[in-house]
Amino acid sequence: MNAGHFLAIFISSIFVSNVILSRFLGLCSFIAISKETRPALAMSSAVLFVIVMSSAITWVVYNYLLIPFDLAYLRTISFILVIASCVQLVEMVIRKFMPALYRVFGIYLPLITVNCAVLGVAVLNTDMFFSRGKPLPGSFIFSVFQGVCVGIGYTLAMLLMSAIRERLEYSRVPEAVREFPIAFVTASLMSLSFMGFNGFRF
Amino acid sequence: MKLLPEFLKGIIKQNPIFVLALGLCPVLAVSTSVKNALGMGAAATFVLVGSNCIVSLIKKGVPDTIRIPCFIIVIATFVTIAELVMKAYSPALNRALGIYVPLIVVNCVVLGRAEAFASRRTLPASLADALGMGIGFTLGLALISAVRELLGSGQLLGYTLLPGFQPALMMALPPGALLVIGGMLGFFNLLKGRKE
């Protein structure tokens, strides 16, 4: 566990294998909510928060519940339950204590349960930081850190995309490719440029 | 009983990928080769059929407020079954599809059909709907992956179709997936516009 590890996770989850542009996780929300910058930012911060929380909780569930009782095959079911209840909890807490914030991203919260980025990170964490049913050294810290970085990568892609789509509103796009098709083509070009980060070596 | 239309609508008229634009994350990620796409399509169809049937059977007993978590548990159960079967009988496919197998749980097609269709209709209708949607999903997936595999490697299902063709590596990489789906959605919109 050293700074190099953290840097590798940081660069790889934000740039090289960006959740959206190279792993295609959370693509539905990326296309649906990126029409304007403000909601895009609200959605990304909600996703960032839920990803970090759920990567911490799913690590604990996996390490102290599923592995000791030899239930690793229940990973998918237990993780989705953890995420759903986590989202519900966050929604209730925000509604009670931060009504202003709730108005900004309250409506996006239920959507996050079925955002594949959240479950994707949880599954990736168990794939990357566990080996033969044993946690690798520092795997909890790495899992949470990877959650943070993936959330930042998601935010970055959302912000870039929404900025581009705000400009697209003013350009003359052929009737047939308006809205979704042009958004996908834009995403493709963004993904192409993100592939330029592939050459990073440590 | 009008089961045939329920079955057929998922294949073209309401194709989950091209018309409803649902469940795109796994579509883009696993469409690098036709073989992976068919495997993914089969797994998703199995989950769709299983969860639609169970949801339409239990719909009366599920309180309205917690129906989504209940549906997700049903779906997750079938995904786990699919995952275990795939691991046992086709480990190579399981490795190729990677984390996208457990991610069928959050595939919007599956939850969308459970919520929009199976939770209000009878068992036979839900079964027909799930089969049609599953086949439509698989067909869409196969189409996208065929384009990508052909342009990205000059092959189809591992057979070289275009000898001497310089493959465009980009089509096999993530940007190619987004480009193909964007182009196809635009193309289908164009066809739709013509007809109207």
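Okay, let's start with burial: in chain B, 48% of the 196 residues are buried, where buried takes 20 or more other C-beta atoms within 10 Å of the residue's own, the C-beta atoms being placed from the backbone. For chain A the buried share is 42% of 202 residues.

Before I go on, what you see is a predicted model, so local features need pLDDT of at least 70 and side-chain atom pairs pLDDT 80 or more, while totals for chains, interfaces and linings use all residues. Residues are numbered from 1 along each chain as its sequence is written, and chains are lettered from A and ligands numbered from 1 in the order in which they are written.

Now the elements. Chain B has nine helices and two strands, and from the N terminus they go α-α-α-α-α-α-α-β-β-α-α. Chain A also has nine helices and two strands, in the order α-α-α-α-α-α-α-β-β-α-α. These are DSSP runs numbered from the N terminus: H or I for helices, at least four residues, and E for strands, at least two.

How about overall size? Chain A has a radius of gyration of 18 Å, close to the 17 Å from the globule rule, so chain A is as compact as a globular protein of that length. That radius is over C-alpha atoms, and the rule is 2.2 Å times the number of residues to the power 0.38. The C-alpha box of chain B is roughly 60 × 50 × 25 Å along the principal axes, and chain A spans about 60 × 45 × 30 Å.

On to contacts, meaning C-beta atoms, placed from the backbone, within 7 Å. In chain A, 78% of contacts between residues at least 6 apart join residues at least 24 apart; in chain B, that share is 76%.

So what about the interface? Here 33 residues of chain B touch 32 residues of chain A. On the chain B side, α2 (24-30), α4 (67-89), α6 (108-118) and α9 (174-195) each give two or more residues, and α9(B) gives the most, with 11. That side divides into 26 nonpolar, six polar and one charged. Nonpolar here is Ala, Val, Leu, Ile, Met, Phe, Trp, Tyr, Cys and Pro; charged is Asp, Glu, Lys and Arg; the others, Gly among them, are polar.

Last, one helix pair: α3(A) meets α7(A) through residues including A:Trp59 and A:Val121. That contact holds nine nonpolar, five polar and no charged residues.

Notes:
A residue is buried if 20 or more other C-beta atoms lie within 10 Å of its own, exposed if 12 or fewer, and partly exposed in between; C-beta atoms are placed from the backbone. Two residues are in contact if their C-beta atoms, placed from the backbone, lie within 7 Å.
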